Each structure stands twice: as structure tokens, then as C-alpha cells.
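Dear colleague,

Please find the structure for your review below. A short account of the findings follows it.

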Amino acid sequence: MKTHEPGTEQQGEERYSGTERGDAGGSGQRGGARDGRTDVVTAGPADNGVPVTVSAEGLPDWLDPVAGAARTVRPQQLSRFLPPESGAGRQSAVLVLFGEGARGPELLLMERAGSLRSHPGQPSFPGGSLDPGDGDQATTGPLRAALREAEEETGLDPHGVQIFGVLPRLYIPVSSFVVTPVLGWWRTPSPVGVVDPAETARVFTVPVADLTDPANRATAVHPSGHRGPAFLVESALVWGFTAGVIDRILHFAGWERPWDRARQVPLDWRA
């Protein structure tokens with residue numbers, strides 16, 4: 001059962017500020033975590049029969065920079081808000097799914113229903129809280145949760161997704177969520193769409209070319225003082241946690257183009 005949408009939470013003012021590449025990380029053996037990153041190569045099948053495997057083999061060449069960044073980036077380069085050392089926090093995961101559409105590389109996003117009290121109409125990655133059946137939160141749990149939630153929210157067939165990397169866990173102080181971004185390649189595309197209209201208004205893809213276009217970039221400014229990257233794409237304003245993750249991926253993959261950081265998009269208190 002869904003309990004939240006981690007991709008819609010704001011993480012805090014100026015939360016994504018890393019600008020240098022790191023050298024930590026790399027795939028390791030099952031059974032541990034390094035720098036807040038799920039460090040796992042393979043595990044048995046999930047409840048739906050989908051094997052949980054992390055592999056960068058057979059990726060299209062254009063995804064190599066993203067896979068490389070996932071192996072080396074450090075948590076501090078993604079955010080100044082890191083999970084508590086005590087282990088406290090509500091564990092969750094999102095699926096950052098790359099596909100290839102009519103206009104080239106693209107990302108899968110969804111938009112929350114406008115009738116929801118929390119973050120109505122805000123775009124996000126598919127994702128949600130870990131369930132007990134997802135398994136160990138330090139290894140394969142976030143991988144299973146990301147695939148399960150994506151299937152529940154968008155109708156995605158997880159058998160067609162190749163998990164090729166996992167970013168370090170990030171923390172959202174305002175809600176105490178610990179979020180693991182799971183990187184996937186949509187190796188075998190499947191139909192997607194709204195599963196529950198009460199929770200989701202639409203499911204859509206955004207070309208990476210639009211995300212890197214400086215004309216579509218801005219800084220979102222919340223009345224609380226929160227400032228962060230934003231993207232104006234597909235008739236939507238992508239901001240908050242989701243925009244922050246996209247911003248850092250574009251940066252560390254070497255896809256970012258210079259854009260006007262002084263251009264601002266004001267948000268209201270309902271955002």
C-alpha cells in the first residue's frame with residue numbers, strides 16, 4: 001500500500017550543490033552499503049518473479065556516462081542533507097527510468113492528481129515506501145520497492161527494466177524520508193498509464209534533450225525560502241526532489257548545458 005510520494009518532497013534550501021566528481025563507490029558484492037549506496041550485484045527473484053540484478057552490461061552507449069557517475073558520485077556531491085547516522089528515517093525508493101523514444105533518450109515521470117492534499121499536480125519519479133516484503137533495506141529492498149511501486153503506479157512491466165545503478169541515499173528533512181534513487185534502462189518498453197486516477201493525473205516521458213535545453217531551466221523559489229532547480233517541460237513544472245536528482249544526473253553525466261540560474265519560477269504555499 002502506498003504511503004507517500006518521495007519524489008515530490010522538497011529537501012531543503014540549496015540542497016543540491018555538489019560540483020566535483022568523486023572517486024568512491026563502484027559495484028561490490030551483495031550484503032552491504034557504501035556511502036549510503038545500495039551495494040549489490042544480484043539477488044533472488046522478488047515476489048512478482050522479477051530477479052533483482054544490478055548490471056551495466058549491454059547498455060546503449062549514451063547511458064555510459066550515467067552508469068559511470070552512479071559508480072563514483074559521493075553523497076555529499078548530491079546533497080548537503082544526508083541520512084542520519086543513527087539509521088532513523090522512513091526508507092523509500094524511486095525509479096529513475098531511462099528509455100529511448102521518438103526524440104531519443106527520455107525519462108519516465110508521473111504527475112500527482114490535482115485533488116490530493118499533499119503536492120497536488122506535482123511531477124515525480126515513480127516510487128514509494130519500502131514494504132516488509134521488499135527485503136533488506138540496506139541491499140535489495142530499495143531495488144524491489146522501486147520496481148514494485150513503478151508497476152503499481154504506472155502499469156510498467158518490471159521484466160523489461162534493467163537496473164544499472166543506484167545513487168547514494170538522500171534525505172528529506174521535512175518528512176524524514178530516506179530515498180534511494182534506483183537507475184533503470186527501459187530495455188523492453190511496455191505500455192504505461194494512470195493506474196489510479198485518485199492518485200495520479202498522468203504518466204508521461206520527457207526527452208533528455210528538453211531537460212538539457214537552457215530555455216527549459218529555471219530556479220524554483222518557494223515562499224518558505226527553499227530554492228532549487230526546476231524544469232519546464234511537457235506542460236509541467238518539475239521541481240523539488242525530482243528536479244534535484246535530474247539536475248545532478250545531468251551534471252555528473254556531462255550533459256548539462258549553461259543555463260540562466262537567475263531565471264526564477266515562484267511557487268505558492270500549496271506546492
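**Lining of the largest cavity**

By class, the residues lining the largest cavity comprise 10 nonpolar, no polar and one charged; here Ala, Val, Leu, Ile, Met, Phe, Trp, Tyr, Cys and Pro count as nonpolar, Asp, Glu, Lys and Arg as charged, and the others, Gly among them, as polar. Please note that this is a predicted model, in which local features need pLDDT of at least 70 and side-chain atom pairs count only at pLDDT 80 or more, while totals for chains, interfaces and linings use all residues. Residues are numbered from 1 along each chain as its sequence is written, and side-chain values use heavy atoms, with hydrogens and water left out.

The structure holds one cavity of 30 Å³ or more. A cavity is a set of points, on a 1 Å grid over the protein atoms alone, where a 1.4 Å probe fits but cannot get out, and lining residues have an atom within 4 Å of a point. The largest cavity contains about 70 Å³ of space, a volume being the space filled by probe spheres set on the grid points, which are joined across faces, edges and corners. Its lining consists of Val-66, Ala-69, Ala-70, Val-73, Leu-78, Leu-167, Leu-183, Arg-248, Ile-249, Phe-252 and Ala-253. Helix H1 (64-72) and helix H5 (240-252) are the elements that give two or more residues to this lining; helices (H or I, at least four residues) and strands (E, at least two) are DSSP runs, numbered from the N terminus.

**Salt bridges**

Arg-248, one of the lining residues, is buried, with a relative accessible area of 6% (buried means under 20%, exposed over 50%, partly exposed in between, with a 1.4 Å probe and protein chains only). The side chain of Arg-248 forms a salt bridge with that of Asp-247 at 3.0 Å, N to O (a side-chain nitrogen of Lys or Arg within 4 Å of a carboxyl oxygen of Asp or Glu). Asp-247 is also buried, at 4% relative accessibility. Asp-134 lies in the loop between strand E8 (127-129) and helix H3 (141-154), and Arg-148 in helix H3, 14 residues apart. Arg-148 also bridges to Glu-152, with the closest N and O atoms 3.5 Å apart. By this rule, the count comes to 10 salt bridges.

Yours sincerely

How values were computed: On a 1 Å grid over the protein atoms alone, a cavity is a set of points where a 1.4 Å probe fits but cannot get out, and a pocket is an open set with protein on both sides within 12 Å along at least five of seven lines; lining residues have an atom within 4 Å of a point.
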